[in-house]
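Let's walk through this one together, starting with the overall fold and ending at the ligand.

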Amino acid sequence: MNKDPIGAGATNPRDFLDIDAELTTDERLLRDTVRQFVDDRILPSVSEWFEEGYFPREMAKEMGALGLLGMHLDGYGCAGMSAVDYGLACVELEAGDSGTRSFVSVQGSLAMFPIWAFGSEEQKTQWLPGMAAGDLIGCFGLTESDSGSDPGSMRTNAKKDGADWVLNGSKMWITNGGIADVAVVWAHTDDGVRGFIVPTNSPGFSTQDIHHKVSLRASITSELVMDNVRLPDEAVLPGVAGLKGPLTCLSEARYGILWGSVGAARACYEAALDYSKSREQFGRPIAGFQLTQRKLVEMMVGINRGMLLALHLGRKKDAGTLQAAHISFGKMDNVRMALDVAREARSVLGANGITLEYPVIRHMNNLESVYTYEGTNEIHTLILGQAITGIQAFS
Ligand SMILES: Cc1cc2nc3c(=O)[nH]c(=O)nc-3n(C[C@H](O)[C@H](O)[C@H](O)COP(=O)(O)OP(=O)(O)OC[C@H]3O[C@@H](n4cnc5c(N)ncnc54)[C@H](O)[C@@H]3O)c2cc1C
């Protein structure tokens, strides 16, 4: 006889598979703390920020005080949390806005991580505590206007001049660029690609913010220009040479995205679910129409699947068994799921779906950037293709 009969009880539409039960008490507490922060500090203003194309710099200190900046790193003022904790925080931040999560990803995984992983003791002590506190903002300069998916084609270069380095070139599409105190810039040298820690007040360094974006508007995206920027030898990250440096950082950031995108999807699904139960047409709530239910069910299934995938990969990261190709799986599948959910949710809201009164079109537009940055959908497909066939199809 079956001792554990399958229950016929109610399920929670907001956590259908009861994934909460897979989290520890501490993980739920952390998740709830970040959710509260997003409810209190992000959601009331974010559609205005999006409309104005504004990122509130002061938010950095608040996030620093909560331990969210470089939270998965240890020492030097960082919170030393687990990979799953970091992922859960990304879900909540991106349920607010992909721009908020992007800020935290760039600060922690792209600017602090390379200093933490490849920096000298002096570099770590000089930069990390201020960055963890949100007093100093960092950015990561890899992409150039003619060098995106193929970062090896970058033109930015650094040449030795006596004991110094002289850096020349420009970087494009750099998150936090215009508000950064420090930029981690990747450049060709005689020893291959190297990372440089560049204080943004260095003579010859300038930034230009990119305007007219219709995606990630509550986030600063900039061009960095380096015109004979002279740096001491101590500015180079000593611990890595070659593209492995930036690609290792990207793996860290993509890991946050595979979680965060589930948060954006969840926000869209919940908005569509609530709306569909109150909006009446033909004398009944639109949630009562079969076609709407199908949309809602597809969204719910995608989000639960995405969350299980993220949690699985997070547990593997904490166990030390996660591979870079696993991250490509998560980034590719969860971001496309989130974009599908956002587009379906937009249709459920009808005309209201095109306004910033509801979060859906903001998330939908944001997710177009998330689909492209940190390795496009196509590039992650090719990484997975190579992983399963052994044949590279990039070039
Ligand atoms: C809002 C935003 C913020 C960003 N922040 C940062 C940042 O902080 N730091 C940073 O360094 N970069 C940043 N980026 C840049 C981002 O990482 C690049 O946009 C991304 O790598 C893609 O490069 P690309 O835009 O030049 O597209 P391209 O590389 O020109 O690609 C265009 C299209 O061609 C496809 N394609 C390219 N090569 C292949 C191939 N071999 N096979 C099949 N298809 C291919 C791509 O998948 C894509 O669909 C940001 C971008 C955005 C939009």
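Here is a short tour of the chain and its ligand site.

This is a predicted model, where local features need pLDDT of at least 70, side-chain atom pairs count only at pLDDT 80 or more, and totals for chains, interfaces and linings use all residues. Numbering runs from 1 along each chain as its sequence is written, and side-chain values use heavy atoms, with hydrogens and water left out.

The chain has 11 helices and 11 strands, taken as DSSP runs (H or I, at least four residues, for helices; E, at least two, for strands) numbered from the N terminus. Its C-alpha trace spans about 80 × 55 × 45 Å along the principal axes.

Now for the ligand. Around it are 17 residues, and Thr143, Ser149, Trp173, Thr376 and Glu378 come nearest; being near takes a heavy atom within 4 Å. By class, the shell holds eight nonpolar, seven polar and two charged residues. β5 (164-175), α10 (360-372) and α11 (377-389) each give two or more residues to this shell, and β5 gives the most, with three.

What about polar contacts, meaning N or O pairs within 3.5 Å? A polar side-chain atom of Thr376 sits 2.6 Å from a ligand oxygen, while one of Thr143 is 2.7 Å from a ligand nitrogen. Leu142 uses a polar backbone atom, 3.0 Å from a ligand oxygen.

Note on methods:
A polar contact is a pair of N or O atoms within 3.5 Å; within protein, one must be able to donate a hydrogen and the other to accept it, and residues adjacent in sequence count only if both atoms are side-chain atoms. Ala, Val, Leu, Ile, Met, Phe, Trp, Tyr, Cys and Pro count as nonpolar, Asp, Glu, Lys and Arg as charged, and the others, Gly among them, as polar.
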